[in-house]
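Subject: Structure for you to look at

Hello,

I am passing on a structure for you to open beside this message, and below it I have written out what was found in one part of the chain. Please keep the view open as you read, so that you can follow each point by eye.

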Amino acid sequence: MAKSSKTKASRAKASGGKTAAPVLPRPTPDNSRLKSALRIGVVGCAGRMGQMLVRAATANERCLVVGGVERAGSSAIGRDVGALAGIDPLGVPVGADAGDLFDAADAVLEFTSPTATLHHAELAAKHRKVHIIGTTGLEAAQIATLQRHAKQTAIVLAPNMSLGVNLLLRMVTQVARSLDPDWDIEIVEMHHRAKVDAPSGTALALGKAAAEGRNVALDRVAARGRDGMTGARRRGDIGFAVLRGGDVVGEHTVMFTADGERVEITHKATSREIFARGAIRAALWAREQPPGFYSMADVLGLSS
Ligand code: NAD
């Protein structure tokens with residue numbers, strides 16, 4: 001800036017003292033904000049959640065979207081990350097190299113598939129970058145691998161990033177603790193027709209929360225699908241029922257049913273924005289944490 005005004009002054013002198021029309025000061029970008037902003041990368045940025053994450057991170061003044069990647073062969077590669085998400089272009093093309101993304105970002109948000117997520121958690125560990133994982137359908141062995149990577153960096157895994165569902169998880173544990181196994185627990189969930197895993201990660205987390213309240217392992221009591229001559233319901237089982245259709249973002253009801261009465265606790269998500277906002281909150285929180293494997297309850301301060 002100083003250099004350019006000196007040049008203008010010497011030009012004015014050279015033109016016989018005539019000064020050029022005053023140049024109005026142009027607004028300078030808020031560099032302090034850019035310096036302190038959390039640099040966010042989005043894996044799977046063309047997906048339903050990926051696009052929502054790009055929009056939510058761009059709207060958050062504490063974040064700066066520095067890149068997005070997609071699976072090899074995706075038609076989204078090369079397109080602008082912002083334009084793809086339906087907002088103003090960000091000047092960043094969708095890439096195919098997740099290594100570059102983990103290099104450039106402070107925190108990477110990922111809602112993809114279990115296999116992709118495991119590969120990227122390895123990169124997060126290698127680059128020592130925060131990894132926020134919303135992917136569902138991970139097996140126990142895959143979660144154990146994530147826990148191993150979390151020795152190198154902060155990883156947050158949450159099958160549901162919404163505040164409401166995380167409160168519901170707490171409530172379900174408390175109610176299950178208060179009611180004896182004469183109260184049958186059933187979990188009903190509904191999602192859009194494109195969802196590939198069932199029951200949903202959230203339904204399983206609710207089942208785990210109920211099982212914890214009863215001090216049993218979910219694997220021992222889960223009834224994950226009834227068809228044909230199933231016999232009577234076993235006392236103490238936690239049952240799951242799955243519905244799929246239309247564009248339903250996510251609905252979960254936990255029913256506690258006894259002879260003569262029933263308690264139902266329901267959560268309905270009407271916008272994916274709640275998950276994206278939760279993921280960003282997790283990323284801002286995780287950047288202050290030492291390496292470790294964290295849940296949304298940790299992020300929200302709900303861990304007991
Ligand atoms: P989607 O199919 O619309 O998007 C997934 C995206 O990931 C796709 O664009 C796909 O091309 C991309 N992808 C796959 N493999 C990749 C790779 N190796 N590298 C880069 N990109 C890759 O699915 P969605 O509806 O956005 O859901 C994604 C996941 O998030 C699912 O597991 C879903 O259950 C979960 N989800 C979690 C929450 C939560 O709060 N935790 C909320 C909603 C959805």
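This is a predicted model, and my notes follow helix α9, which runs over residues 201–214. The helix has 14 residues and reaches 20 Å from its first C-alpha to its last, which is close to the 20 Å expected at 1.5 Å a residue.

How much of α9 is covered? The helix is mostly covered, with 10 of its 14 residues buried, and these are G201, T202, A203, L206, G207, A209, A210, A211, G213 and R214.

For α8 and α9, the axes come within 7 Å and cross at roughly 30°; because angles under 35 degrees count as roughly parallel, α8 is roughly parallel to α9. The crossing of the two helices, α8 and α9, is right-handed.

On the α8 side of this contact are V165, L168, L169, V172, T173, A176 and R177, and they meet T202, A205, L206, A209, A210, E212, G213 and R214 in α9. Sorted by type, the residues of this contact divide into 9 nonpolar, 3 polar and 3 charged.

Best wishes

Notes
Residues numbered from 1 in each chain as written. Predicted model: local features only at pLDDT ≥ 70, side-chain atom pairs only at ≥ 80, totals over all residues. Heavy atoms only, no water. Helix = DSSP H or I, 4+ residues; strand = E, 2+ residues; numbered from the N terminus. Expected span 1.5 Å × (residues − 1). Buried < 20%, exposed > 50% of the residue type's maximum accessible area, 1.4 Å probe, protein only. Axes fitted to C-alpha atoms, helices over the stretch in contact; angles between N-to-C directions. Parallel < 35°, antiparallel > 145°, perpendicular 65-115°, else oblique. Left-handed = near helix turned anticlockwise from the far one by under 90°. Contact = heavy atoms within 4.5 Å. Nonpolar A, V, L, I, M, F, W, Y, C, P; charged D, E, K, R; others polar.
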